[in-house]
Every structure is written in structure tokens, then in C-alpha cells.
Amino acid sequence: MFVKSQRFYDAIYAWKDYTGEAQRLHTLIGQHKRSPGDTLLDVACGTGGHITFLRQHYMVEGLDLDQVMLDIARQKHPDIPFHHGDMVDFDLRRRFDVVVCLFSAIGEVKTLPRLRQAIQTMTRHVHPGGVLIIEPWLTPDGYQVGRPHALFVNQPDLKIARMNISAVEDGVSVLDFHYLVVTPEGIEHFSERHELGLFPFEEYEAAMRDSRLNVLVDREGLMGRGLFIGIRPVADG
């Protein structure tokens, strides 16, 4: 989980095409949503990167388990409601026309029972005729064990090197990130362990169907990891 890197999150992922991804999502939502409203909940919203652009089309709210991430998101979007909660069992006591869970955050559930529970929880928050869109983490076949990774940030007053070697423990992908951060205040080194469940596409699809969603699978998705589009039947009140 994130321990110290939250304050650098936006710099680390500055390469991400939030604008293009939000537009792609908007197109997909327009193709499949049948509910009449325009409310949207971003589950595991992080610092609100997608919300910056999705708010142009929807009445957006965000939810995340990481309080520091939420604080950053609230600073960026002080007029948007953000909720503290776990994707597995949150209860906002209302429904939305669109619920999204993006950038592979769903992998944080780690186990199949928690995956199924999270999808059931999110589905309960979708209006009949609305859509649930989930961007999966890597599949067991697509995850390469023992592969070295490095990411670099080179800004005038911020330099970051993040490195890890991909590993697996008990069927869960393990990312032990090591950070070297340089700012005018000095040099800092810290590490974080991120564990994400490795689920075949079939498990995502089955969990969504068991939640009474009509499911479409986009193998490419927003960034090559795929996308699951669950449509809640209009008659499912």
C-alpha cells in the first residue's frame, strides 16, 4: 500500500493520458448507459486524476481508502464530494448512473472472494440502466515474474527514481518499490510493498455476471490492460 509516496503520486504518473482515457470512458458510457441521469462515482479515485476531466460531463464523486490521497484530491477539487471507504464494503446509501474503478485499483482486493464482494458492493451503487466499468490489473498469464522495472521523474525541483523487481507470493503479485527522491530540501529513500491479486479475465466476467450485470469485455481497454463494462438491466430495480 501507499505509505510515503502519495505526495509524489501525480508527478510519478504524469505520463498517464487522463484526458484521452476520460474521453474514451465518456464514449463508452454514452454507448451503453440507459439510465437517464449523469451521476458518477469514481471508486479508488486516488488523487482525482480522472475526475479532473470526467467532471466536465458528469456530477462526480470520489471514494478511496487512502486518507492522504483523498486530502490531495480535495485540495484539487474542493467543490466535489469525496468519501473515505473500502471498495469491498462501502455503503453510500445511494446509487449512481456510472460507477468506475480504474487504473487497476481493483487488484488491491488481492483474493477472489474479496473481488466478488467488491463487485457486488459497486453494483449495488449502480442505478438500473447504469454501468459499472472496471479496469483490471494484469492477469496471471500477463504478469512477468523476475522482471526489473524503473520509473524516473525529472522536474526542476524534483527527481525520483522508483525501481522494483516483479514477484509473486501465493498467487498475488508483489511490487516492492524502492524510491530515491531528491528535492531542494534533501535526499530521501524509502520503500513500499504493493500486493495486487492476479485474476484471469474469466473471473472478473463471472463475478460481474453473478452480480446480475450484462457484461462486455474490451481486451485493449484504456492502456492495454482491458476493460469490463457491466450494464445493470433497466428492469433490475
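**Contacts, fold and two residues**

Let me start with contacts, meaning heavy atoms within 4.5 Å. Among contacts in the protein chain between residues at least 6 apart in sequence, 61% join residues at least 24 apart.

A word on the source. This is a predicted model, in which local features need pLDDT of at least 70 and side-chain atom pairs count only at pLDDT 80 or more, while totals for chains, interfaces and linings use all residues. Residues are numbered from 1 along each chain as its sequence is written, and side-chain values use heavy atoms, with hydrogens and water left out.

Now the fold. The protein chain has six helices and 12 strands; these are DSSP runs, helices being H or I of at least four residues and strands E of at least two, numbered from the N terminus. The C-alpha trace spans about 60 × 40 × 30 Å along its principal axes. The radius of gyration is 18 Å, which agrees with the value near 18 Å for a compact globule of 237 residues. That radius is taken over C-alpha atoms, and the globule rule is 2.2 Å times the number of residues to the power 0.38.

What share of the 237 residues is buried? Buried residues make up 51%, where buried means under 20% relative accessible area, exposed over 50%, and partly exposed in between, with a 1.4 Å probe and protein chains only.

Next, the core. A nonpolar core here is a set of buried Ala, Val, Leu, Ile, Met, Phe, Trp, Tyr and Cys residues joined through side-chain atoms within 4.5 Å. The largest has 48 residues, and V43, M87, I106, M122 and L132 touch the most other members. Another core, of 23 residues, lies apart from it, with L25, L54, A73 and I133 among them.

Now the two residues. E192 lies in strand β10, residues 186–197, and counts as buried because its relative accessibility is 3%. Beyond residues up to four places away in sequence, E192 touches M1, F2, V3, K4, S5, L175, D176, F177 and Y179. E192 and D66 are 126 residues apart in sequence and 14 Å apart in space, C-alpha to C-alpha.

G49 is in the loop between β1 (39–43) and α3 (51–54). At 10% relative accessibility, G49 is buried as well. G49 touches Y18 and K76, again not counting residues up to four places away in sequence.
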